[in-house]
Amino acid sequence: MSSVAAAAGKMHIAMQRLLARYPFHANVVAAGIVVAEPVKTMAVTVRDGVLTFLYSPAFVEATELEVLVGALLHEVGHVLADHLLANAADYPDRRARTIAEEVSVNETVGEPLPAGVLRIEQFDLPPDEDTDARYERLAARTEKAPDVPKKRRSGRKGASDTKKRESARGSSEDVETFDDHTVWNEATQTPQETRDVIDRAVLSAADRLTSADKVALPRAVQQRVLDARRRINGGPTSAERIVSGVARIPWERILEPFGARRRDAAATFRRPSRRFSALAGIVPSYIYRASKLRLVGVIDTSGSMQSATLAVISAELQALARLHDVTVVQCDDTIRSVAPYSGPISEIIGRGGTDFRPPLEAEFLSALRVDVVVYFCDGDGPAPVSAPRPPVIWAITSGGLRPASWGDVVWLLASGFPAM
C-alpha cells in the first residue's frame, strides 16, 4: 500500500472517531472535501467555492490517531471562528493576530494536539475571550513594549534588555503554527463566497444533528449556527421586532374546561336574594360566573423559531388576552423576560439554545399563581420528565414535535380545526 493510500485510510479512521465524539464538527468536515496536498501538516480553506480540508500524507502517517482527531477539531475551529475571512489590513500586528487565532481555537479542543501548539497560558491571557479581544490585548502589549536604547554597552546587561524587549513585543519572526495558514489567502480573495460557503456548511452540520446533540452544543457554537441562519435565511436577530398576524386557535372553546374550575361571585341588586327576598334592594344577591384565568403564555425564543411563526404567536397571545389575564414569558434556554401582556409583542429576546424546563419549575409558576400554561414552541428541546401542577397546553408549530407525553396539544399554522 502506498504512503498516500495509507494516509487516506488513517484520515478516514480519524474522521470516524470525530463523528462519534463531535458530530457537529464532523458534519462541517463532511460539508466540504478532504484532500491530500503537500502542505506542512494540515490546513483549511475555501477553494473554487468548496470548503477544503488539506492534509500532508507524511504528517498523517507520523501522527497518532488521537492527535489527528484534535488536529481536525483545530481546523474546524478556524472555520467556526471565521479566521479564514480575517482581512490582514485590519490586523497590522500579524504576530498578535496569529497568536490570538491559535490560542482561541486550541482552547476549545479537548483532544490531544501536536506538540508545541500555542496555549493561552503561554501569553497570560484570560479564558473565554474571542479572537479579536485577544488580538487587542496582544497588540497593546506590543505598543507598550519598551524601546531598545540606540546605544547599549556590551555585556550581559545588554543581552538581558534584548530578551526583555523580545518577551514583551515578541520576536520579529513569524509565529510558528502547527498548521498552514497561508492557504487562507485563497479564501480571502472572494470574501462573500467564502462567507456563504462557510455559513452553508455550518447550517448543514447543525441540521443533521439529533435534538439531543443540538442541545449539547456549546453556547458559542449555537450562536454561530444562529448567525449563519440569519445571514442565509434572513432569520431573526437576538432582539427582533414582531408584527402580529391573525389568530386561528379557538381559545374560548379550548380553555372552557379549565375556566369551569374557578368561578367568581359578583354582587347585584337587580334581583332579590333567595334568602332575604323581603330585603330586595338592601341585601344583594350573588351571580356566579366563570372567572378569568391567570394564564402564562410562554414563547420559545430560541433560534429555531422563525419570524413568521413568532408573528402568529403574537396574534394568538392577543386573542388570549381578550379572554383572560395573560403574563408573557420569553425563554430560549433561560428565562429572558416576564411581563403582563400589554399589547402585540413588539420585541423577541433570546435566540439562543432551547430548554423548556425553566418556565415550568414549580417555584416560578407558584410565584405567578398560574391557572394554565400555554407554551408556544416547535417542541425541539428538553422538557420536564413529569408535568407541573398547573395544566399545560403545548401550542406547537406545524411540523414540530410533542416535547413531552403529558399536557394537551394544539397545532399552530395547521389547516382546519386544531386538534387537542
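Are Trp251 and Phe376 buried or exposed? Both are buried (under 20% relative accessible area, with a 1.4 Å probe and protein chains only).

1. Ground rules. This is a predicted model, where local features need pLDDT of at least 70, side-chain atom pairs count only at pLDDT 80 or more, and totals for chains, interfaces and linings use all residues. Residues are numbered from 1 along each chain as its sequence is written, and side-chain values use heavy atoms, leaving out hydrogens and water.

2. Trp251 and Phe376. Searching the whole structure turns up 7 aromatic pairs (ring centres within 6.5 Å, using the six-membered ring for Trp). In one, the rings of Trp251 and Phe376 have centres 6.2 Å apart and planes at 75°, so this pair is edge-to-face (planes over 60 degrees apart). Trp251 lies in helix H12 (residues 251–259) and Phe376 in strand S11 (residues 372–377), so the pair ties together parts 125 residues apart in sequence (helices are DSSP runs of H or I with at least four residues, strands runs of E with at least two).

3. Phe356 and Tyr375. Here the ring centres are 5.3 Å apart with planes at 75°, so Phe356 and Tyr375 are edge-to-face too. Both are buried, and together with Trp394 and Trp406 they form one aromatic cluster.

4. Thr301. Look for this one in the loop between strand S7 (294–300) and helix H13 (307–323). Thr301 counts as buried because its relative accessibility is 0%. A polar atom of the Thr301 side chain lies 2.8 Å from the backbone oxygen of Ile349.

Note on methods:
Rings of Phe, Tyr and Trp (its six-membered ring) pair if their centres lie within 6.5 Å; planes under 30 degrees apart count as stacked, over 60 as edge-to-face and the rest as tilted. Buried means under 20% relative accessible area, exposed over 50%, partly exposed in between (1.4 Å probe, protein chains only). A polar contact is a pair of N or O atoms within 3.5 Å; within protein, one must be able to donate a hydrogen and the other to accept it, and residues adjacent in sequence count only if both atoms are side-chain atoms.
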